[in-house]
Amino acid sequence: MIETLMLKHFAAVAHARSFTIAAKQLNVSQSVVSRSVKRLEELVGATLVERTTRSVAMTPAGEAYYAETRRLLDRLAVATQNARRISQGDAAKLRIAVGPATMAHRIAPGLEAFRERWPKVSVQLLPIHSVIQPEALRSADIDIGIMQFDPSWGQGIEWRVIAREPVRVAVPSSWKIAKPRIQLQDLRDRPWLMPDPEVTPRLHARLLRLCQSVGFEPTVGAMVSDATFAGLLLSCGVGATFVFGGAEYTRHEGIEILSIEGHPEPLLMETVVAWAVGSTSRQIQEFVRCVQDLNVAEE
């Protein structure tokens, strides 16, 4: 019989592409992981892992089995959390991840309303980047995510839009752009602060395509992944950057926030509240309702 522990061992090896690393992550010996995966292969009736003295690779059968194993383990983790919250009742814990670009006014009223209705639920707010949250939701490492929407999430995530905010541009005041609205191509010869593709690859690609759509490749003055550091660079005149709502920069002197005009389609960034498929506990659904009801999605 295939056991859950075998699947966990195999998934760790498939993810790490290493028996050694997988064993360290699981806090067991390498021989235990190796025997477990070997037994799994015998029960499945197929070679899942190609082993050499220097490397580990998945066979085609192994890649297909890993995809299904990952989904199965994720659903099991979500089901376990659901059962735990049902058992704990009003004393359950809710782990809520908040992306760095999320404005406090988008979640504070909903959080307050939820606490009034569920005063015994322990709410833990975690600063986790939007790019990491979907996988954390699927594996039940968090219960709710509040983040920027990305259409490439794939299966296993449900969400509701709580805000649609215009994409704008922050520029150094020293550039002396004496108008509140610009066209992107007006800044074609200026340096840009772009999101670090190592941290937020999809956001970086989206904003790069946005510049390319109006006929220019942005000259990158710096790659940034932290709003505070970006605000400092803006204040020092290093470059322009895209902002969503702009509230994270209003505390800095020497910065102007400009609206974008002349683009064929509205430039909007959606903020969503998200949860894993199967997360049906009353606490999660009630929090989603509270946050959604107290926000207005701007068209």
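A salt bridge is a side-chain nitrogen of Lys or Arg within 4 Å of a carboxyl oxygen of Asp or Glu. The legends below describe a predicted model, in which local features need pLDDT of at least 70 and side-chain atom pairs count only at pLDDT 80 or more, while totals for chains, interfaces and linings use all residues. Residues are numbered from 1 along each chain as its sequence is written, and side-chain values use heavy atoms, with hydrogens and water left out.

View 1. Helices (H or I, at least four residues) and strands (E, at least two) are DSSP runs, numbered from the N terminus. Glutamate 286 is buried, with a relative accessible area of 11%, whereas arginine 289 is partly exposed at 42%; buried means under 20% relative accessible area, exposed over 50%, and partly exposed in between (1.4 Å probe, protein chains only).

**View 2. Helix α9 packs its buried residues against several other elements.** The helix covers residues 282-293 and reaches 16 Å from its first C-alpha to its last, close to the 16 Å expected at 1.5 Å a residue, where the expected span is 1.5 Å times one less than the number of residues. Among its buried residues are Ile284, Phe287 and Val291, and the elements against which the buried residues pack include α4 (60-88), β6 (157-172) and β12 (268-276).

**View 3. Arginine 164 and glutamate 270 meet in a salt bridge.** Their side chains come to 2.7 Å, N to O, and since arginine 164 lies in strand β6 and glutamate 270 in strand β12, the pair ties together parts that are 106 residues apart in sequence. Glutamate 270 is partly exposed, at 21% relative accessibility.

**View 4. Lysine 179 and aspartate 186 form a salt bridge.** The distance between their side chains is 3.7 Å, N to O, and both partners are partly exposed, lysine 179 with a relative accessible area of 41% and aspartate 186 with 42%.

Definitions and conventions: Contact = heavy atoms within 4.5 Å.
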